[in-house]
Amino acid sequence: MYACGPTVYDYFHIGNARTFIIFDALRKYLEYRGYDVTFVQNFTDVDDKIINRAKEEGVPPGEISEKFIQIYFEDSKTLGIEKADIYPKVTENIEEIIEFIGELMDKGYAYESGGDVYFDVSRYEDYGKLSKQNLEELQLGARVEVSEQKRNPLDFVLWKAAKPGELSWESPWGAGRPGWHIECSTMSNKYLGETIDIHGGGRDLIFPHHENEIAQSEARSGKPFANYWLHVGYLNIDDKKMSKSLGNFFTPREIAKEFDLENFRFLILSAHYRNPVNFNRELLESAKNGLDRLYTGKNNLEYLIENAEDRIPMENEKEWLENLKQYKNRFNEVMDDDFNTADGIAVIFDLVREINTNVDEKATKQILQEAYDLFMELTSVLGLLGKKEETLEEDIERLIEERQKARKEKNFELSDKIRDDLKEKGIILEDTPQGVKWRRV
């Protein structure tokens, strides 16, 4: 599968992050279901925005793009996103792009005009099939750049003639650089072939970017470009479109100053990928509470397993464990239905309730372990509950042990004092039937 990646001129925002999280989770789920997945996500590393920023900072464009590629890797890692198999860059595929354009010209689908090369939309009969619009509708309502060099207002540029002093490469049509749409068609063809299984990105890419990819790819090959399209819905801030001009523009780095970004990942996966998602502090707090419930379930099971009796399970326990498998079947069913992560998470919460209701310190180690393994299997498919267990400083652990000793000796004054001291150090203690638990404020 091929997902359109970032134009690397700045930090990516949380709307971009939603798309990256969805494709990461989709890849995990397909692999979990037994598919061999090759995942390609490109970097657009030559673009007007990159060139303009390079001029502002007085550095080569490549320095800007490389800086933000590394920042992409840093920030995506904090969101639990695993690396794609291949990250092609435009600047590393110029030769293939020129060859691709040349083939379109040879077949009569592209033309040169004033040093630029354009795709002739009128020559491709199926133009508009992805956005479900016909040529007449598109021509009437198109928000496309009008140019005297074009034969048709909908024609789009494949090769841009170089401006003085601008980054450029030599081609049969003169010095220049690729248009935006041609890069993804070329790189998906190079790494995944003429027809790919899944292609997508944000909903804003349906038209014109993905429509144009289909046109130029199918015009060249005569074959279907992609079997399935997946477009991720918009992310709004307090029900308003995210925009720098409105002052409601956020990056993952800004959110991470106050929240663990796993809470953001959980929030994103709690909605169907095609639906719009609203974002605000209250919703992120709610996501944190939901994720905390899952971590509590995980921690309780780990405690019970550690202290469980290792005996042969009774028949009623075996029967209960067999019935537990229904949750895996339900999870797969809802996820198979258009990758419904929202319902997948609902199934996981049902599983947690089932486990909490039916297991306690009397349960056998085998029963607890198998319930735990199923729980972790389903959450890991979504890239959740992957945080490593925190360790405490030695002096904190010693205070907790002293408090436990004081409680056993019914020295509640000392016990309460230690609890208060720990709270001042940012450690909250909770006395549960499974023993004392702690968390950081």
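Biologist: Is Leu-283 buried, exposed or partly exposed?
Modeller: In this predicted model, Leu-283 has 32% relative accessibility and therefore counts as partly exposed. Buried would require under 20%, and exposed over 50%.

Biologist: Where is Leu-283 placed, and which residues does Leu-283 touch?
Modeller: Leu-283 belongs to helix 10. Not counting residues up to four places away in sequence, Leu-283 touches Leu-267 and Asn-278.

Biologist: What separates the C-alpha atoms of Leu-283 and Phe-264?
Modeller: A distance of 9.4 Å lies between those two C-alpha atoms, and the residues are 19 apart along the chain.

Biologist: Which residues touch the most other members of the largest nonpolar core?
Modeller: Phe-264, Phe-279, Leu-324, Phe-331, Ile-355 and Phe-375 do, in a core of 84 residues. Helix 1, residues 14-32, supplies the largest share of this core, with 10 residues. Another core lies apart from it, with 36 residues that include Trp-159, Trp-173, Leu-205 and Ile-206.

Biologist: What is Phe-375 in contact with?
Modeller: Leaving aside neighbours within four places in sequence, the contacts of Phe-375 are Leu-294, Gly-297, Lys-298, Leu-301, Ile-348, Leu-351, Val-352, Ile-355 and Leu-385. Among these, Ile-348, Leu-351, Val-352 and Ile-355 are buried residues of helix 12.

Biologist: Which other residues in helix 12 are buried?
Modeller: Thr-341, Gly-344, Ile-345, Val-347 and Phe-349 are also buried there. The cover over the buried residues of helix 12 includes helix 9 (261-269), helix 10 (281-307), helix 11 (315-336) and helix 13 (365-381).

Biologist: What span should helix 12 have?
Modeller: Helix 12 runs through residues 341-358, which is 18 residues, so at 1.5 Å a residue the helix should span 26 Å. The C-alpha atoms at its ends are 26 Å apart, which agrees.

Biologist: Turning to the sheet, what is the order of its four strands?
Modeller: The order is 2-1-7-8, in an open sheet with parallel pairing. Strand 2 (40-41) and strand 8 (226-232) are the edge strands, each pairing on one side only.

Biologist: How many bridges pair strand 1 and strand 7?
Modeller: Two bridges join strand 1, residues 2-3, to strand 7, residues 196-202, in the parallel sense. Tyr-2 stands opposite His-199 of strand 7.

Biologist: Which strands does helix 7 lie across?
Modeller: Helix 7, residues 206-221, lies across strand 7 and strand 8. The helix runs at about 160° to strand 7.

Biologist: New topic: how many disulfides does a search of the whole structure find?
Modeller: The search finds zero disulfides.

Biologist: Are Cys-4 and Cys-184 buried or exposed?
Modeller: Cys-4 counts as buried because its relative accessibility is 9%. Cys-184 also counts as buried, with 1% relative accessibility.

Biologist: Last one: where does Thr-186 lie, and what is Thr-186 in contact with?
Modeller: Thr-186 lies in helix 6, residues 180-192. With neighbours within four places in sequence left aside, Thr-186 is in contact with Glu-96, Ile-97 and Phe-100. Its relative accessibility is 3%, so Thr-186 counts as buried.

Definitions and conventions
Residues numbered from 1 in each chain as written. Predicted model: local features only at pLDDT ≥ 70, side-chain atom pairs only at ≥ 80, totals over all residues. Heavy atoms only, no water. Core = buried A, V, L, I, M, F, W, Y, C linked by side-chain atoms within 4.5 Å. Buried < 20%, exposed > 50% of the residue type's maximum accessible area, 1.4 Å probe, protein only. Contact = heavy atoms within 4.5 Å. Expected span 1.5 Å × (residues − 1). Pairing = 2+ DSSP bridges. Axes fitted to C-alpha atoms, helices over the stretch in contact; angles between N-to-C directions. Disulfide = S-S within 2.5 Å.
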